[in-house]
Amino acid sequence: MLNSKIVGLGHYVPERVVTNEELSGMMDTNNEWIIERTGIEQRRFIDPAKDTVANMAAKATHMALERANLEVSDIDFIVFATITPDYFFPGSGVLLQRELGLESIGALDIRNACSGFIYALSTADAFIKTGMYKTILVIGAEIQSTALDLTTRGRNTAVIFGDGAGAAILQASDHKGVLSTHLHSDGRFAEELYVKDPGSSRPHAERQPEQILDTSSFKVHMNGSMVFKHAVVRFSEVIMEALEKNNLTKDDIDLLIPHQANLRISQFIQKKFELADDKVYNNIMRYGNTTAGSIPIAMSEAFGEGKIKPNDLICLAAFGSGFTWASALIRWS
Ligand code: UT7
């Protein structure tokens, strides 16, 4: 059986910094509330004239390729995780394929929200292990800002989300890189964090946009406290599952990179696993929650800061809409 390893990481975030103060001018919120409840100090919002999900992903890809010393032409498959594709269909995978100038390689889209990057990594890992592809580009990218309700009505989600893209290049390897991935879901909670429209669940008359009078169904609906309560339980379970599967313990973790949903969730997990501060990487303070983008952006930044070293055991974990949750253990080489 072949193995897969990450040979390059890259990220891109839009230039525009949006502070808590700026949001406080648009809705009834304030810096203290946002920092206390979420840890977020600022996030990035796109410039709609310049940034798209696909071209942010392309910028992240070029950074990852450069770090890996590879060319665009080395990529033989794309797995693209996003819940905010440029178009309702087709997905952003094909737009990235076009943007990169790759002629006809396959592109697969993954819609697992905050767990999307780990689902994408797991899919790419499985493709490599079967020998089907050798070099797979794995993306997590989102544009949340243009869908946020930036009024007091939407404040429980508007202050959380941000935009950005991360990329990982996964290659076949003799050494074990991705040790295991663990994917879960519980659809009973689908409506606790979702965007209803433009969905196909409506009858014909209601699916005509001009018939939809209340457009709040196009915005993120989130039962924040319910998501929080499930997140802390599932994060812990899925990290334990990964460690047990590999006969490892929490003491073997060199760096935990949790999905950046809320600093309080990361801190809860850190405490539960008794991890020192330098063993957990958080950047939610700067970027907010970039959904599928959050883990690859964080991984790429951690790598750039020298926090991921050869032979390190890296643990990724995520929880979000679906509900879905997932983890991955990676032996860096
Ligand atoms: O990545 C996807 C997964 N998502 C998550 O993991 C999110 C998980 N959940 C959370 O992070 C938290 O639930 C939130 C940060 C979203 C909310 O924090 P909370 O401590 O659960 O607050 P809450 O929703 O219980 O609201 C508490 C109060 C409410 O006022 P009342 O009813 O107590 O008077 C809200 O109306 O805070 C109010 N509130 C706000 N106040 C100022 C809600 N949003 C805001 C805001 N600014 N932005």
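User: Which strands does α5 lie across, and at about what angle does α5 run to β6?

Analyst: This is a predicted model, in which local features need pLDDT of at least 70 and side-chain atom pairs count only at pLDDT 80 or more, while totals for chains, interfaces and linings use all residues. Residues are numbered from 1 along each chain as its sequence is written, and side-chain values use heavy atoms, with hydrogens and water left out. Helices (H or I, at least four residues) and strands (E, at least two) are DSSP runs numbered from the N terminus. Contact means heavy atoms within 4.5 Å. Axes are lines fitted to C-alpha atoms, for helices over the stretch in contact, and angles run from 0 to 180 degrees between N-to-C directions. Here, α5 lies across β1, β4, β5, β6 and β7, and runs at about 170° to β6. Helix α11 (residues 294–304) lies across β1, β6 and β7, at about 90° to β1.

User: In what order do the five strands of the open sheet stand?

Analyst: Strands of a sheet pair through backbone hydrogen bonds, either parallel or antiparallel. Two strands count as paired if DSSP finds at least two bridges between them. In this structure the five strands form an open sheet in the order β1-β7-β6-β4-β5, with mixed pairing. β1 and β5 (106–110) are the edge strands, each pairing on one side only. From one strand to the next, the twist averages 20°. β1 and β7 pair in the antiparallel sense over nine bridges, and Ser4 stands opposite Ala172 in β7. β4 and β5 pair in the parallel sense over five bridges; Ala107 in β5 is the bridge partner of Ile78.

User: How many residues of β1 are buried, and which residues are buried in α3?

Analyst: Buried means under 20% relative accessible area, exposed over 50%, and partly exposed in between (1.4 Å probe, protein chains only). Eight of the ten residues of β1 are buried. In α3 (residues 53–68) the buried residues include Val53, Met56, Thr61 and Leu65. The cover over the buried residues of α3 includes β1, β4, α4 (92–99), β6 and β7. Just after α3, Asn69 takes a positive phi of about 60°.

User: How many aromatic pairs are there, and why is the pair of Phe77 and Tyr133 called stacked?

Analyst: Rings of Phe, Tyr and Trp (its six-membered ring) pair if their centres lie within 6.5 Å; planes under 30 degrees apart count as stacked, over 60 as edge-to-face and the rest as tilted. The count comes to seven aromatic pairs. Phe77 and Tyr133 are stacked because their ring centres are 4.4 Å apart and their planes stand at 10°. Phe77 belongs to strand β4 and Tyr133 to the loop between α5 and β6, so this pair ties together parts that are 56 residues apart in sequence. Both Phe77 and Tyr133 are buried. Ring pairs also link Phe189, Phe319, Phe323 and Trp325 into a cluster.

User: What is the strand order in the sheet of four strands, and which helix lies across β8, β11, β12 and β13?

Analyst: The four strands form an open sheet in the order β8-β13-β12-β11, with mixed pairing. β8 (178–185) and β11 (255–258) each have a single partner strand, so one side of each is left without a neighbour in the sheet. Neighbouring strands of this sheet are turned by 10° against each other on average, direction ignored. β11 pairs with β12 (residues 313–320) in the parallel sense over four bridges, and Ile257 stands opposite Leu316 in β12. Helix α8 (residues 224–245) lies across β8, β11, β12 and β13, running at about 150° to β12.
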